[in-house]
Amino acid sequence: MTDEIKKGLLGIVVDETTISQVMPEINSLTYRGYAVQDLCEMCSFEEVAYLILNGNLPNGIQLNKFKKEEKENRNITTNMREIIKHIPKKAHPMDVSRTIVSVMGLEDKDTSDNSPKANMRKIMKIFAKTPTAIAAFFRIRKGKKIIKPKKELSFSENFFYMCFGKIPQKEIVKAFDVSLILYAEHSFNVSTFTARTITSSLSDIYSAITGAIASLKGPLHGGANEEVMNMMKKIKTPNKAKSWLIDNLNKKQVVMGFGHRVYKSGDSRVPTMKKYFLKVSKLKKDKNLYKISEIIEKEMIEKKNIHPNLDFPTGPTYHLMGFDTDFFTPIFVIARITGWSAHIIEQYASNKLIRPLSKYKGSDHRKVVLLNQR
Ligand SMILES: CC(C)(COP(=O)(O)OP(=O)(O)OC[C@H]1O[C@@H](n2cnc3c(N)ncnc32)[C@H](O)[C@@H]1OP(=O)(O)O)[C@@H](O)C(=O)NCCC(=O)NCCS
């Protein structure tokens, strides 16, 4: 045992995993051995979700069965709809996301059954129902009617439909699908580690995912995609981007969407997402945000040698797609449910209670003095 403190568990390997491999030295990320860039170009989000959860890419029959199950699980209960209707309209959608998964746990008679079979059943429910509940809040807080899911639509098409009542061009749906694939999994990041820590006490999957959502909310993790958009809204036009950035750096402020604990010379997911960000900008005939992002990226690399992470291109892409800024991280939730769930399954299968140590630096041993003598 060593006394050395590794704050933030920096550089500590805590367990093994077969789900994904982050390789910063060659700027690569694989899910179950497949390069994420190839998955983005050659597969749908549903295929990648199956891969992450089951270990292999599905054949046609397996994929159809998986998609059928997902579609059959999309509906939320009347009780859940009523709860969503009564949530304060100003609540942050990440707090709503956390609450709805928790409510799903209240509604499920299998919540405490941690057998692999029951867990797969619960994962499918969380995976299929969370987008429906998030879309319901998206509409309710604008005073609009909830739109029920449609079975004939794909996972991504259905999310657009439930939010906006229509489905955009197929290139936009593809860009959204790509963003979900890129957000789906990323090894032992803070929210995944939270999910694994909760699981390690043999708590249930709804609790683990509720905790993971709470962890993802923070601006140093998933919440960064919202902060990127807030930054772009402040910058407004490309001609103000450079001076804004310099001013920000002079004030020693963190630039959201830049830097990464593991990738130090670029995030392997960024080139793919940037390509789709540009595609969406062209389709929407609005390259303002893309131009701003090009300037910020160039200056950050030149001045600080800090590269953008995935949240940098996804934030403005979601904005162009029409989503409200505070719904960007809930979209991340929709995707990451797959990765979290795979890690929870892996943790149950080879569990060891996660319990690190700390070095005490508080007061020396002292005697308790009775209240009337203090
Ligand atoms: C992600 C993040 C928390 C990684 O942090 P980390 O591995 O602990 O690295 P550090 O915060 O110690 O950063 C190392 C140095 O780079 C600087 N740095 C890192 N990210 C920066 C950023 N986005 N903007 C400005 N400076 C940054 C730090 O200030 C620090 O400088 P110093 O050595 O002079 O103090 C950090 O890069 C960050 O806060 N990024 C912005 C939030 C974000 O986009 N999060 C999403 C991550 S996917």
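Two strands pair if DSSP finds at least two bridges between them, and strands (E, at least two residues) and helices (H or I, at least four residues) are DSSP runs numbered from the N terminus. By these terms, strand β2 (residues 28-31) and β3 pair in the antiparallel sense over 2 bridges. The model is predicted: local features need pLDDT of at least 70, side-chain atom pairs count only at pLDDT 80 or more, and totals for chains, interfaces and linings use all residues. Residues are numbered from 1 along each chain as its sequence is written.

**The sheet**

- Three strands, in the order β1-β2-β3, form an open sheet of 3 strands with antiparallel pairing.
- β1 (20-23) and β3 (34-35) stand at the edges with a single partner strand each, so one side of each has no neighbour in the sheet.
- β1 and β2 run antiparallel and are joined by 4 bridges; Val-22 stands opposite Leu-29 in β2.
- The hairpin of β1 and β2 has 4 residues between the strands, and Asn-27 in the turn has a positive phi of about 50°.
- On the β3 side, Thr-30 stands opposite Ala-35.

**The domains**

- The protein chain is divided into domain 1 (68-218 + 327-349) and domain 2 (224-321), with bounds from an automatic or database domain assignment.
- The C-alpha centres of the two domains lie 26 Å apart.
- In contact with 16 residues of domain 2 are 13 residues of domain 1, where contact requires C-beta atoms, placed from the backbone, within 7 Å.
- On the side of domain 1 that touches domain 2, α8 (170-183) and α16 (328-349) each supply at least two residues.
- α8 gives the most to that side, with 8 residues.
- The residues of that side divide into 9 nonpolar, 3 polar and 1 charged (Ala, Val, Leu, Ile, Met, Phe, Trp, Tyr, Cys and Pro count as nonpolar, Asp, Glu, Lys and Arg as charged, and the others, Gly among them, as polar).

**A helix pair**

- The axes of helix α5 (residues 93-107) and helix α10 (residues 205-216) come within 9 Å and cross at roughly 175° (axes are lines fitted to C-alpha atoms, for helices over the stretch in contact, and angles run from 0 to 180 degrees between N-to-C directions).
- α5 and α10 are therefore roughly antiparallel to each other, a term for angles over 145 degrees, while those under 35 count as roughly parallel, 65 to 115 as roughly perpendicular and the rest as oblique.
- Residues making the contact include Met-94 and Val-101 of α5 and Tyr-206 and Ile-213 of α10.
- By class, this contact has 7 nonpolar, 5 polar and 1 charged residues.

**The ligand**

- The ligand is surrounded by 14 residues, the closest being Ala-224, Phe-258, Gly-259, Arg-261 and Asn-309 (a residue is near a molecule if its C-beta atom, placed from the backbone, lies within 6 Å of it).
- The shell has 7 nonpolar, 4 polar and 3 charged residues.

How values were computed:
Two residues are in contact if their C-beta atoms, placed from the backbone, lie within 7 Å.
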